[in-house]
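Load up the model and let's go.

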Amino acid sequence: MKMPQIANKETILKKKNEQRHEVQVDPENPDSVMEVWVRDITFLDVQNAAQRMFLIVQGEATLDLAAYWEYAFSNWIVRTNPELNVQELLELNAFIGEQIASLLPKPDEMAEAMQGGFTKANS
């Protein structure tokens, strides 16, 4: 049986693109926005995020959502306008943080991904 050939290996690798999003920064002013670029998520991203999210302590599994979101904000956001460093991203107010988090895979999507259901990085 002849195996099919992949003509372009780029089709199986993570995309080298980033998606630009506008994020509302003031709940009272929908025109007040910042730009956020999010990169594609890889198989190893799923594993690393899950490793930070699920902690096993004395045989008990617990969720560390703060560690998950810290990983997501630190690794999947590649740039912003205005330009923010990782520490500043982690210090955003709750309203802006929620807007950005809505662009990233959710913890329950990561749990599904670990069980083989991760077919789309950002739904």
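## Exercise 1: the hairpin

Strand 3 (residues 54-57) and strand 4 (residues 60-63) run antiparallel and are joined by four bridges. Strands here are DSSP runs of E with at least two residues, helices are runs of H or I with at least four, and both are numbered from the N terminus. Two strands pair if DSSP finds at least two bridges between them. This is a predicted model, where local features need pLDDT of at least 70, side-chain atom pairs count only at pLDDT 80 or more, and totals for chains, interfaces and linings use all residues. Residues are numbered from 1 along each chain as its sequence is written, and side-chain values use heavy atoms, with hydrogens and water left out.

**Task.** Find the residue opposite Leu55, then work out what phi Gln58 takes in the hairpin.

**Solution.** 
1. Look across from Leu55: Thr62 in strand 4 stands opposite.
2. Go to the loop between strand 3 and strand 4, where Gln58 is found. The hairpin has two residues between its strands.
3. Check the backbone: phi of Gln58 is near 50°, a positive value in a residue other than glycine.
4. Classify the residue: Gln58 has 80% relative accessibility, so it counts as exposed (over 50%; buried is under 20%, partly exposed in between, with a 1.4 Å probe and protein chains only).

## Exercise 2: the core

**Task.** Which residues touch the most other members of the largest nonpolar core, and which element gives the largest share?

**Solution.** 
1. A nonpolar core is a set of buried Ala, Val, Leu, Ile, Met, Phe, Trp, Tyr and Cys residues joined through side-chain atoms within 4.5 Å.
2. Of the 22 residues in this core, Val36, Trp76, Ile100 and Leu104 touch the most other members.
3. The largest share, five residues, comes from helix 2.
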